[in-house]
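Please look at the structure shown here, which is a predicted model. The report that follows takes up a sheet and then a helix.

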Amino acid sequence: MSADVVIVGAGIAGISTAYFTLRDTQKRIVVLEATRVAHGATGHNAGQLVSYFERPFHELVEEFGLDTAVQGQHDVYSAWELLAEIQKELKLKTPCLTFTGHAGIADVNTLMSHLHDALLKQKSGIVTEQMYISEAALKGLKLSRKYSSVFLSVPHQDILDRLETKDKKYFALLAGRKGCMNSAAFTDEVARTLLTKYPSRFTIFEDSPVSRVELSRHHADIYVDEHVVRAKRVVLCTNGFENFSIVNRAGGDIDTKFHHLVRGSVGYMAAFVEEPLEYPTAISYLPKTGSRAGAYDTEPYFYITRRPYAHT
C-alpha cells in the first residue's frame, strides 16, 4: 500500500494534522492507529483546553533563545484559531467553549517565576495572562517596581472567589484564556467527517501498531505486522513512539531515545453531575514550586474542569 503522507497516531494531534493536510493539499493520507481513534491520551483527559508550555518561559529562552521561544509561544496561542477553523469549516456538533480560566498560586517562588515570565513576555510583545495578587500578600512581598505593569492588586477574597476555594494559602492567580471540550468526541467527529468528505484520499487503520519506520532518500516504509505502507512523508503524532524503531537509510542514525525524558505520573479523575449546571470553567491549583517543569513529579497538584454534558 502507498500514500503521500502516513500519520502515526489518531488522537487529536494526528487527526488535526490529517484535516489541514487534506484541506490544503491534494495528497493521499493514511492514518495508522495502534488502538482506536482517540483512545489514547486524547480520550483520557478532563477536556480542559490551555495554551501554555509546562515550563517557565524564561527557561525556554535560556535553552532555545528568545526568537525561538517567542515563536513557539505564538504558535501555541494560534491553536485557538486553528481549533475554531476546524469547528466552523466542518460544521461540527461537539461543543467547544472558551472563557477566562484561573490558576492559583500559593508559593512565593512560583509567583516570582511567573512575574519574571510575564515581564519577559511583555517586553517580547507577547500577550500575557493577567496576574492578580492579594493586597494583604503584597505588603510582605516587597516586589521590585519593575513588575508593577504585569499584575493587579485585589482583595484576598477576590482571589479565593475566582479560584472557588476557601483555602487561604492561595494569595495570587493567573487569569487567561482557557476552554473545555470533549476532545475524544471532537476527534472522533472530525475523523468521521473527513472519511466522508475525502473518501478517495483519506484512510484510517485502527488496531494497527507500527513496529518499524525505515527512511530512505525519497520515501519511508512503515511496518505494521506483516504489512508495509510506503509514503513520501511520515508524521509521528503519538506518545507511543518508543515502541517502534526508526532506521534512517539515507543518512546518520536518528536518536529515538528522547522519550526517556518523558516521565509518567499517576493521576486520578472523578466526575460529578451537577443540576443545574453552572457556567463552564477551568481552574488549576499550582504546586508549591518555582517552576512548572518537573513540579508534578514531586508534589501532587489538581485542577477542575466544568463543562456542559448530555445524558438520557
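## A strand pair

Residues 220-224 form strand β10, which pairs with strand β11, residues 227-236, in the antiparallel sense, and five bridges join the two. Within this pairing, D221 is the residue that stands opposite R230 of β11.

## The sheet around the pair

The order β8-β2-β1-β11-β10-β9-β12 describes an open sheet of seven strands, in which the pairing is mixed. Because β8 (202-205) and β12 (245-248) each have a single partner strand, they stand at the edges, and one side of each is left without a neighbour in the sheet. From one strand to the next, the twist averages 35 degrees.

Helix α1, made of residues 12-24, packs on this sheet, where it touches β1 (2-8), β2 (29-32), β8 and β11. The direction of α1 makes about 175 degrees with that of β2.

Buried residues in α3 include A69, V70, Q73 and V76. When the helix is seen down its axis, the buried residues of α3 fall within an arc of 125 degrees, and therefore they line one face of the helix.

Methods. Residues numbered from 1 in each chain as written. Predicted model: local features only at pLDDT ≥ 70, side-chain atom pairs only at ≥ 80, totals over all residues. Heavy atoms only, no water. Pairing = 2+ DSSP bridges. Helix = DSSP H or I, 4+ residues; strand = E, 2+ residues; numbered from the N terminus. Axes fitted to C-alpha atoms, helices over the stretch in contact; angles between N-to-C directions. Contact = heavy atoms within 4.5 Å. Buried < 20%, exposed > 50% of the residue type's maximum accessible area, 1.4 Å probe, protein only. Arc of directions from axis to C-beta.
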